[in-house]
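Please keep the sequence and the 3D view at hand while reading.

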Amino acid sequence: QYAKFAPSNPMIWMMRSSLSRHQGDSVGAMAALDSLERREPSPRWRGFVQGARADLALVRGRLREAERLRQGAMATFELMPRGAPGFYLSDAIALARIDLVLRDNAGDALRKVEAALARNPISSMPAPDRPYLLLANFYADAGRVDLARRMVAAYEREVDEALREEGGARYNVAGSIAMAEGALEEAVAAFRRYRDEPPAGPLTG
């Protein structure tokens, strides 16, 4: 449907890759990314493609390859003429989640995120571009509920109400915080709402 209305939009290829990956078709997912890379050689899209390739590597169990690709995406975003610190931090969080989820090493995961924040302070970005909810979700999953709540509070304070994500991602964060605090029924209810009301954008974390 989307392709009919915007056939030249490069996001179509990202969507095709994501759909193929979720259907277990890694070959089709990679082919869509190859097509996107040929059509859109700009640093911005190269960074997105590197991140998507990292997701594919994880599906295949190739952790070191996934890490290398995430680091490549971070370097690509950092070298853009005006920088892209929001995208950089999003990839840094995804990189840290490999330690957190697949290596059960919250300490290393937290250190990676803190290093990324030291390199690209969140306060240096326009408020709507700050990945507060991604950080909140990460901190909750890493057991730092205090930092997760701080990110949610900053999001509500710093981001204009008209620009806030009031559905999907908010429920995911609420579920992660409740889970970390042992409030299982509350967590299940929040995750169900997240399932029924997914994030608004195709690149939303």
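Rings of Phe, Tyr and Trp (its six-membered ring) form a pair if their centres lie within 6.5 Å; planes under 30 degrees apart count as stacked, over 60 as edge-to-face and the rest as tilted. By this definition the structure holds six aromatic pairs. This is a predicted model, in which local features need pLDDT of at least 70 and side-chain atom pairs count only at pLDDT 80 or more, while totals for chains, interfaces and linings use all residues. Residues are numbered from 1 along each chain as its sequence is written, and side-chain values use heavy atoms, leaving out hydrogens and water.

**Aromatic rings**
- The ring centres of Phe 138 and Tyr 139 are 5.6 Å apart and their planes lie at 55 degrees, so this pair is tilted.
- Both Phe 138 and Tyr 139 are buried (under 20% relative accessible area, with exposed over 50% and partly exposed in between; 1.4 Å probe, protein chains only).
- One aromatic cluster is formed by Trp 45, Phe 48, Phe 77 and Phe 87.

**Helix α7**
- Helices (H or I, at least four residues) and strands (E, at least two) are DSSP runs, numbered from the N terminus.
- In α7, the buried residues are Ala 109, Leu 110, Val 113, Ala 116 and Leu 117.
- These buried residues fall within an arc of 125 degrees seen down the axis of α7, so they line one face of the helix; the arc is that of the directions from the helix axis to the C-beta atoms.
- The face turned away from the buried side of α7 carries the exposed residues Arg 111, Ala 118 and Arg 119.
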